[in-house]
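Visitor: Walk me through this one, please. I'll ask as I go.

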Amino acid sequence: MIPADAEKSGPDDDEGVPLPPVAMLLLAVVLGVAGGLGAIAFKLLLALVHNAFFQGRLALELDMGLAIAPSVFGAFVILVPVVGALLVTLITRHVAPEARGGGVPEVLDAIYYGRGRIRPVVALAKAAATAVSIGTGGSAGREGPMVQIGATVGSLLGAVARIPARQRITLMAACAAAGVAATFNTPIGGIAFALELLLVSLSARTVSLVAISAVVATAIGRMHGGLDPAFNVPGIAQFEDQGIGLPMLLLSVPFGLLVGLAAAGFIRGLYAVEERFERHFANPYLRHMAGMLLVGIMLYGFMLATGNYYVAGVGYPVILDVLRAALSDPFFLMLLFAAKLLATLLTLGSGASGGVFAPSLFLGATLGGAFGGFLDLLLPGLGVDPVVFAVAGMAGMIGGTSGAVITAITMTLEQTRDYGAMLPVITTVALAHMLRVRLVPQSIYTLKLARRGHSVPQSLQAAISSAQTARSVMSRDFELLDLAELEDWKTRFTPGAGHRHTVVCREGEVLGVAQPELLYLLPDESPETLIDADWFGAEAATSLPVIMRGLRVKGSDTALVFNPRGSTRSADLVGVITSREIGRNARDNAELMD
């Protein structure tokens, strides 16, 4: 966000003229077409890269539901991810650094701290980098890249139309939803994703625009990929019998907690591995190549042992095998869970470009299949169906890691079209999210931003103020004044001149902020009466709602920001917040609200 005390030196394109509803509707349709065609183009690009690097041929055909055929390069397939890492690092270093990682955090950063501006080159760089990462065997997904690509296209269209930031962000969310909907054939899930994670404010107008884009994109995507769901599996009939369904529902409670624990481990593990790579490899090329060398060894090891790469790419063949009960050995499923987790951490933690959605589906399916398989071994008479837990695990891992619980439920049910598992899915998602938040407050998307000092709302928090921190609101325009100098300050104070705030100290300790308006109300009183001493202390990362509550409790209009937290020393003062800063901040961010 632009700090409240930032000075504007010229015209701001956020002051553009809002488009009428009909014009916005037409742009939403255009973005739906762009999202649908973009999803198709990205799939073809991914197929081209994969066939070139694994099979040594140029072809655009790739069925992601089929296991990857053994590479014509034999043992040298170990080096394929390494070559991919070299290309990806070239793109992320010299074309668009924003293309590294999942993509969703960068979009959230652009929405809440960049007024919806994304450089156009990011779309091309993200598509190329992600296609290379996944196509050369990296363990990553397509949802994050499609969100970032779609948001970039929406931002570009908004910039060309010179519309206000709030409408530009709506177009970003609409095109991102279109990309997700067309990629996974999940129109409701694409809409839910935009509503939970991308839109700053929810209204019938913004939801309608997002919905139109998702519908158009899905229709175009189905022309290329057909009407079948992403995971076309036999239906689950367990819950037609309440006598069988109730025990399964009760077992969803401990399973939901298990998934929440796994989601927390995934989030912490990803950033721990990223830190470890950055600590040991200063060179970004060596860093990513080292990580992908380990992934290449894993791929070849699985091929030698099982005849299948298993953990390469998006992993849809494994998910389908679990849902069709073709993979049912709980011990082997746990091995796949651990291997996929490690491969994903190495891929994304070392510097790849790709999302976490597909790996979360894989992890949830294998964990659920293993959980159900072990239950069936221990309690064979209970009639446990591991597929129920596989579907619930897919939704639980998405909801647990991303914080988007409605998206997790709707997208999983749309991808499988198996509503027999609805109750376990909802239960698992709810409990997994609750436990993950307890263990790791930030989601896999927002933790990256929190580490930069950027706070964003998590799931359906539409109020922009919840994303604000003291750092983005405070004024740094203040002077420090010793108490002994306050009498002299009274005589020389001139309204509108000098610093915005005067902070009064005594022996290095902050007493409060001088209130110049009292000079005219109490001209003959002692200098101490001019000081607001009931201030609220905060640190730079304190959220604006917490500051507002603190001011209300204190009965004050002044918050002082210190670093480190808890200090009251003048040397540690970094900013001042009064009703003026809060008002200016609300004014500057009103443009983002619809």
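Guide: One term before we start: a polar contact is a pair of N or O atoms within 3.5 Å; within protein, one atom must be able to donate a hydrogen and the other to accept it, and residues adjacent in sequence count only if both atoms are side-chain atoms. This is a predicted model, where local features need pLDDT of at least 70 and side-chain atom pairs count only at pLDDT 80 or more, while totals for chains, interfaces and linings use all residues. Residues are numbered from 1 along each chain as its sequence is written, and side-chain values use heavy atoms, with hydrogens and water left out.

Visitor: Fine. Which backbone oxygen does the side chain of Thr136 reach at 2.5 Å?

Guide: That of Val132. The Thr136 side chain also reaches the backbone oxygen of Ser133, at 3.5 Å.

Visitor: And where does Thr136 lie?

Guide: In the loop between α4 (121-135) and α5 (143-161). Helices here are DSSP runs of H or I with at least four residues, strands are runs of E with at least two, and both are numbered from the N terminus.

Visitor: Is Thr136 buried or exposed?

Guide: Thr136 counts as buried because its relative accessibility is 1%. Buried means under 20% relative accessible area, exposed means over 50%, and partly exposed is in between, with a 1.4 Å probe and protein chains only.

Visitor: What does Thr136 touch?

Guide: Leaving out residues up to four places away in sequence, Thr136 touches Val49, Phe53, Phe54, Val80, Pro81, Gly84 and Ala131. Contact means heavy atoms within 4.5 Å.

Visitor: Strands, then. How many residues of β2 are buried?

Guide: Five of its six; β2 covers residues 501-506 and is mostly covered.

Visitor: What does β2 pair with?

Guide: Strand β1 (residues 478-482) runs parallel to β2, joined by five bridges. Strand β3 (residues 509-514) pairs with β2 in the antiparallel sense over four bridges. Two strands pair if DSSP finds at least two bridges between them. As landmarks, Glu479 has Thr502 in β2 as its bridge partner, and Val503 stands opposite Val513 in β3.

Visitor: How many residues sit between β2 and β3?

Guide: Two, in a hairpin. Glu507 is in that turn and has a positive phi of about 55°, although Glu507 is not a glycine. Glu507 counts as exposed, because its relative accessibility is 71%.

Visitor: Which other residue has a positive phi although it is not a glycine?

Guide: Tyr310, also with a phi of about 55°. Tyr310 is found in the loop between α10 (284-306) and α11 (316-323), and counts as buried at 14% relative accessibility.

Visitor: Now the open sheet. What is the order of its three strands?

Guide: The order is β5-β6-β7, with mixed pairing. The edge strands are β5 (536-538) and β7 (573-578), each of which pairs on one side only. On average, neighbouring strands of this sheet are turned by 25° against each other, direction ignored.

Visitor: Which helix packs on the sheet?

Guide: Helix α21 (residues 544-554), which touches β5, β6 and β7; its direction makes about 155° with that of β5. Axes are lines fitted to C-alpha atoms, for helices over the stretch in contact, and angles run from 0 to 180 degrees between N-to-C directions.

Visitor: Which residues in α21 are buried?

Guide: Leu544, Ile547, Gly550 and Leu551. Seen down the axis of α21, the buried residues fall within an arc of 120°, so they line one face of the helix. That arc is the one of the directions from the helix axis to the C-beta atoms. On the other side of α21, Arg552 and Val553 are exposed. Gly555 follows the helix and has a positive phi, near 70°.

Visitor: Back to β6. How many bridges join β6 to β7?

Guide: Five; β6 (residues 558-562) and β7 run antiparallel. Val561 stands opposite Gly575 in β7.

Visitor: Last one: where is Pro564?

Guide: In the loop between β6 and β7. A cis peptide bond joins Asn563 to Pro564, with omega about 15°.
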